[in-house]
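Trainee: Please take a close look at the aromatic rings here. Walk me through them in one go.

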Amino acid sequence: MIQIQAALFWAYAIGATFALSAGRQLQVWERINAGEGPRTRSRAANPYLALTALFAAVLLVPTGLFLLWQNPAWTTMHVAHGHDGVWAGFVLFYAGGIPVAAIIGFLVAQGFVLVGAGYWAYLQCVGGYFLLFGTLVHGWDGRGYERFFSAEARDFAGWRQDSVVNHVLDFLTSGTFLALLIFGAAVIGTMILTEIGWLMEGWSLPGADEDRKVHRFLAIAIAAAGVYGLPFAGALVASVLARLLGGWIGLPLFAVIAGFTLLSRRSPVRWLYGLVGVPHRHWRADLDPGPERPGHETGVTADRSA
């Protein structure tokens, strides 16, 4: 239900966020199936992965195809002006690419969660949403927001002839925005409810209470700000730097700032991540009872910092 150039980034980010939200359950799933045969350990047997693929196939793909048919100019960010400008094979790749991107995002984030690098799984969410917002805000030519708020090709062509406020008001009263509003209630509503539900389900598992340092409502707010707010703010900063300093200077400078903000040991983002109670260590898949060893809790977990 978003413009095609940003759709794959959004699908990847959703898959990664779903995996991080269900991180504890995925660790438990690995532990339960550690001694089972290949049938129960197959990817298809993972219910969280299956639900992620179902979400992408049932909600993301149909709504995106509807908007592509209703308004191909807006959906292609005005690269195409009508149905004749959209190659049929491109529609096929779009319909198949959305579930694939969501599954890849889920599997990559799940891989980090299962090896005890939960913070790197979170960075997959940040990266995906940053590319999504960056495409919508800046785009490839600095006119991303103009393309987003232009419901028709003529609106985009005449953008400089009217004020931004008038263009936004015209977009908010268009049929495209109405479709986005209706589809957004279904898609984004389901997405957020799923993520919150899986987070709360994970908090009920052993060890969650000691990892979550704040109340559940505050933890959800922090998680939302970290997954959605931080990438959006980063996209705005990157766009401003690119406009002021040019892409060759502004974007490398932003990369340095982002790297320091996200990867530093004393990063406030790392500190906030530790408050939410999502996985930041590895739950060892060890089902055989045995004598305890230093740093090892028999049959349950082995704490390892990310």
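**The aromatic rings**

Mentor: Start with a cluster: ring pairs join Trp-74, Phe-148, Phe-149, Phe-171 and Phe-177. This is a predicted model, so local features need pLDDT of at least 70, side-chain atom pairs count only at pLDDT 80 or more, and totals for chains, interfaces and linings use all residues. Residues are numbered from 1 along each chain as its sequence is written, and side-chain values use heavy atoms, with hydrogens and water left out.

Rings of Phe, Tyr and Trp (its six-membered ring) pair if their centres lie within 6.5 Å; planes under 30 degrees apart are stacked, over 60 edge-to-face, the rest tilted. By this rule there are 19 aromatic pairs. One of them is Phe-66 with Phe-183, edge-to-face, 5.2 Å between centres and 85° between planes. Phe-66 sits in helix 3 (residues 47-70) and Phe-183 in helix 10 (residues 175-203), 117 residues apart. Helices here are DSSP runs (H or I, at least four residues), numbered from the N terminus.

Now accessibility. Buried means under 20% relative accessible area, exposed over 50%, partly exposed in between (1.4 Å probe, protein chains only). Phe-66, at 41%, is partly exposed. Phe-183, at 19%, is buried.

Next, Tyr-122 and Tyr-273. Their ring centres are 5.7 Å apart and their planes at 40°, so the pair is tilted. Tyr-122 lies in helix 6 (residues 118-137) and Tyr-273 in helix 14 (residues 268-276), so the pair ties together parts 151 residues apart in sequence. Tyr-122 is buried at 6%, and Tyr-273 is buried at 9%.

Note on methods
Helix = DSSP H or I, 4+ residues; strand = E, 2+ residues; numbered from the N terminus.
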